Amino acid sequence: MPDVLERDPRFAPRTLLDERPGRRTLLDQIERLEGELSSLFVSTWPRKGFDFSVPSRGGPRMLLLSELEALRDDLAERVDHARRSLSDRTYVEERHRARIEEMLLEPERHKWVRIGNDDIGEPGCKHWHVRPRWGLLGYLMNWWRVRISSGCPLVRGRGPWPRPVTASGRA
Amino acid sequence: MAAPELERGWVAFDLAQEFPSLALWLMRVQARSGRSPEPVRRRLRRLSDRITGGHVIHMRQDAVPWAYRVFWRQVGIDPDTDRTPVEQIALDRLKWGGIRSRNLLDDALVIATFETGVPVIALDADKVGKALGLRLTGDDERLGGTGRSLSSRQIVVADEDCCLAVLSGEVSEDHGVRSATRSMVLCALQVKGVPEISVEEALWTASDTLSVGG
């Protein structure tokens with residue numbers, strides 16, 4: 001059988017395959033996928049934990065056809081993964097938003113629940129926390145309310161500014 | 001002194017086939033580097049004040065920076081690891097809280113690159129040949145003829161004799177601008193999606209900024 005399958009050099013193709021159309025298509029696909037990846041990156045901000053990296057190919061150089069194909073595949077996979085992750089994340093965030101609404105309407109049904117801006121995909125440190133009104137008394141009387149934090153803590157903290165130490169060592 | 005003129009560099013056939021819109025634009029200027037004068041430092045500060053986190057996030061969707069991201073990707077660079085020059089400037093600004101003035105040439109290149117999105121590099125005009133262009137490296141080539149070895153098929157700025165700079169911005173030490181340089185060649189890369197006017201503006205901005213320093 002190998003004798004039969006062996007190619008007779010007289011009948012071998014004498015023309016070289018033109019890679020250009022294939023390369024052009026791959027470059028266009030890479031361009032489109034890069035655009036999608038950029039859009040997804042912007043959509044995910046300020047959320048964290050997404051991976052957008054597609055390893056480099058030791059550039060800048062003209063990639064081989066196989067390398068272009070591998071790059072296209074990696075990009076497509078990354079775009080797909082990022083899109084699914086974002087979809088999952090936004091679903092959870094939507095649930096959290098709905099829960100904040102419910103907490104505000106009926107705090108006693110969501111005792112001690114705390115939802116932050118992180119959970120709804122927004123920047124900042126604001127959070128909604130269901131706590132008993134007037135401490136232990138509210139806890140015993142089942143008086144609950146939602147406390148909304150006022151944002152991120154100040155850089156300097158709660159106390160007074162530390163006094164600067166002068167050259168003589170005195171504050 | 002005659003006003004500098006724009007020239008278009010050559011692009012090797014195989015590279016032009018792959019990237020038909022790829023071009024290298026050159027401008028020869030009589031200028032020297034040194035400490036940046038106050039107007040340039042002030043401009044750098046104003047530029048720095050315009051860069052915000054939101055701006056940097058959305059930058060990759062702006063037409064010109066995006067065009068370079070795509071090109072970076074197509075030539076095998078991950079633009080999230082090896083940033084395009086304009087993104088690198090913006091990120092450095094966020095990281096350091098400002099754009100630090102280094103010297104007149106670097107400041108001019110930063111201003112031109114950030115204002116237009118087009119990366120600009122400078123070479124010593126007296127140390128490079130007449131005809132500059134873009135080509136792929138062959139086997140056993142070195143940056144600047146004697147510098148670090150380059151892998152084959154790398155895209156480089158070259159003259160008749162040797163590779164002068166790698167596309168991502170690394171310039172050969174022997175051909176880069178030094179304190180004694182009196183005449184420079186400014187080079188700007190144009191890729192698909194970048195209008196010619198942006199490239200011209202980048203080179204003129206760099207040239208004008210250099211002229212402020214005398």
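Chain B comes out with a mean pLDDT of 92, and 98% of its residues reach 70 or more; pLDDT is the predictor's confidence in each residue, on a scale from 0 to 100. This is a predicted model, in which local features need pLDDT of at least 70 and side-chain atom pairs count only at pLDDT 80 or more, while totals for chains, interfaces and linings use all residues. Residues are numbered from 1 along each chain as its sequence is written, and chains are lettered from A and ligands numbered from 1 in the order in which they are written. The scores for the model are ipTM 0.89 and pTM 0.84.

Helices (H or I, at least four residues) and strands (E, at least two) are DSSP runs, numbered from the N terminus. Among the elements of chain B, the lowest mean pLDDT, 87, belongs to helix H3 (residues 53-59) of chain B, and the highest, 96, to strand E2 (residues 10-11) of chain B.

Still in chain B, helix H5 (residues 85-96) of chain B packs on helix H6 (residues 104-116) of chain B at an angle of about 105 degrees, with the axes 9 Å apart. Axes here are lines fitted to C-alpha atoms, for helices over the stretch in contact, and angles run from 0 to 180 degrees between N-to-C directions. That makes H5(B) roughly perpendicular to H6(B), a label that covers 65 to 115 degrees. The contact residues split into five nonpolar, one polar and no charged. (Ala, Val, Leu, Ile, Met, Phe, Trp, Tyr, Cys and Pro count as nonpolar, Asp, Glu, Lys and Arg as charged, and the others, Gly among them, as polar.) On the H5(B) side sit Pro85(B), Val86(B) and Ile89(B), which meet Val110(B), Thr113(B) and Phe114(B) in H6(B).

Between the chains, 27 residues of chain B are in contact with 24 residues of chain A, contact meaning that the C-beta atoms, placed from the backbone, lie within 7 Å. On the chain B side, helix H1 (13-18), H3 and helix H4 (63-74) of chain B are the elements that give two or more residues. H4(B) supplies the largest share, five residues. By type, this side of chain B has ten nonpolar, nine polar and eight charged residues.

Chain A has an open sheet of three strands in the order E1-E2-E3, with antiparallel pairing; strands pair if DSSP finds at least two bridges between them. Strand E1 (114-116) and strand E3 (144-148) of chain A stand at the edges with a single partner strand each, so one side of each has no neighbour in the sheet. Three bridges join E1(A) to strand E2 (residues 127-132) of chain A, and Ile115(A) stands opposite Trp128(A) in E2(A).

Definitions and conventions: Parallel < 35°, antiparallel > 145°, perpendicular 65-115°, else oblique. Contact = placed C-beta atoms within 7 Å.
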